[in-house]
There are 2 protein chains.
Amino acid sequence: MPRWEHGSQERLKQAAMELFDEQGFEGTSAVQIAQRAGVTTRTFFRYFPDKQSILFVDADLLRAALLQGIHDAPDVTEPLAVVVRALVDFDWEGLGPRESQRRRDAMIRSNPELLERELNKQQQMSDAFGYALRQRGVEPPAAELAARVGIQVFQASYLEWLAADGETDLATVVNASMSTLAAIMPAVTRLT
Amino acid sequence: MPRWEHGSQERLKQAAMELFDEQGFEGTSAVQIAQRAGVTTRTFFRYFPDKQSILFVDADLLRAALLQGIHDAPDVTEPLAVVVRALVDFDWEGLGPRESQRRRDAMIRSNPELLERELNKQQQMSDAFGYALRQRGVEPPAAELAARVGIQVFQASYLEWLAADGETDLATVVNASMSTLAAIMPAVTRLT
């Protein structure tokens with residue numbers, strides 16, 4: 001992709017986040033985003049099918065990086081640890097400052113349509129993780145649970161981290177969540 | 001609610017499931033469902049805002065029963081077990097034969113709009129469970145994880161149960177999933 005094109009995409013993202021902040025997600029149109037970014041509306045639609053997509057543009061990047069993490073894990077005898085580690089090791093700071101991640105999260109949570117899309121992405125991620133673990137030789141039920149539970153542990157930690165002050169680091173919160181999970185595992189797993 | 005009204009709702013559900021089966025979800029209209037159920041279209045819309053809602057009509061019932069289960073649990077020192085037990089103890093057979101639950105699930109998974117709605121319901125359920133556990137005095141991080149992880153353990157088990165033959169019982173699958181989860185807990189929870 002020529003540099004100027006990459007530049008347009010970045011500028012569109014930046015402009016969208018500014019406008020969403022200033023006048024809300026619903027109140028912002030694709031035309032306004034293009035204007036603020038200094039590109040034509042046609043250019044906007046070359047990058048994004050709609051304004052929603054701007055909020056999810058990093059998701060594919062994230063997914064590819066995480067699957068690579070599972071693929072490259074030195075061993076998979078502890079598949080839950082593999083999933084959680086892949087999630088923690090991702091360069092979350094690279095997605096922008098915590099404050100902008102916080103705003104993105106608040107925006108998604110306050111809009112049912114965006115929330116559904118976010119949950120859908122999580123589901124797809126869980127399916128992909130389960131598949132990647134099976135490819136590495138993990139038994140299907142263990143792969144499935146490691147993917148599902150790993151994402152939940154991470155998600156709970158990520159939200160706690162977003163809400164926390166600037167000092168707290170994500171890995172610390174995730175370690176604490178893993179300890180909490182270990183502590184709530186029932187002594188006897190035969191429940192009924 | 002007078003008996004005939006309850007009867008209409010049941011008939012509408014029954015008619016909808018039949019038509020969805022025969023001609024697909026997309027190919028079925030509210031008008032056709034009302035006709036098959038022997039009620040007016042107006043009656044249809046008195047019960048359901050749209051045909052999607054028919055597939056989710058049991059969700060509120062389920063949620064209320066599950067929250068009651070958490071509320072009534074004799075103790076909550078093992079909150080994950082409380083959540084999973086509430087889910088297993090629900091009268092799943094009461095929602096209809098496994099075959100019709102299987103068809104409902106396949107229908108939801110093949111329609112992105114329905115899947116998003118289903119995921120949304122799961123998210124709301126998780127929030128409600130977390131809240132109910134906190135009300136019972138469980139620490140917030142443990143409550144949050146127990147709710148999220150319990151739902152995932154159950155969901156993975158439920159799908160396995162749906163796919164299994166007629167002999168397998170849901171509680172057996174859930175017990176196996178809990179053992180698998182215990183087996184994949186990392187020996188050391190400090191991951192990074």
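The following questions and answers concern a predicted model.

Local features require pLDDT of at least 70 and side-chain atom pairs pLDDT 80 or more, while totals for chains, interfaces and linings use all residues. Side-chain values use heavy atoms, without hydrogens and water.

Reader: How many helices and strands does chain A have?
Author: Helices (H or I, at least four residues) and strands (E, at least two) are DSSP runs, numbered from the N terminus. From that end, the elements of chain A run α-α-α-α-α-α-α-α-α-α. The count for chain A is therefore 10 helices and 0 strands.

Reader: What percentage of the residues in chain A is buried?
Author: A residue is buried under 20% relative accessible area, exposed over 50% and partly exposed in between, with a 1.4 Å probe and protein chains only. Chain A has 192 residues, and the buried share is 52%.

Reader: Which rotation superposes chain B on chain A?
Author: Two copies of a chain are related by a rotation about an axis and a shift along it. Here the copies are superposed by least squares on the C-alpha atoms of residues with pLDDT of at least 70 in both. The shift along the axis is 0.0 Å and the RMSD is 0.0 Å, with a rotation of 180°. The two copies are thus related as by a two-fold rotation axis.

Reader: What percentage of the contact residues of chain B recur in chain A?
Author: Contact means heavy atoms within 4.5 Å. The same surface serves both copies, and the recurring share is 100%.

Reader: How many residues does the largest nonpolar core have?
Author: A nonpolar core is a set of buried Ala, Val, Leu, Ile, Met, Phe, Trp, Tyr and Cys residues joined through side-chain atoms within 4.5 Å. Among the residues with the most contacts inside the largest core are Leu80(A) and Leu80(B). The number of residues in this core is 84.

Reader: Which residues of chain B are in contact with Leu80(A)?
Author: Neighbours within four places in sequence are left aside. In its own chain, Leu80(A) is in contact with residues including Ala146(A), Met178(A) and Leu181(A). From chain B, the contacts are Ile184(B), Met185(B) and Pro186(B).

Reader: Is Val84(A) buried or exposed?
Author: Val84(A) lies in helix H6 (residues 79-89) of chain A. Not counting residues up to four places away in sequence, Val84(A) touches Gly150(A), Val174(A), Met178(A) and Leu191(B). Because its relative accessible area is 0%, Val84(A) is buried.

Reader: How many Å apart in space are Val84(A) and Ile151(A)?
Author: In sequence, Val84(A) and Ile151(A) are 67 residues apart. In space, C-alpha to C-alpha, the separation is 7.1 Å.

Technical notes. Residues are numbered from 1 along each chain as its sequence is written. Chains are lettered from A and ligands numbered from 1 in the order in which they are written.
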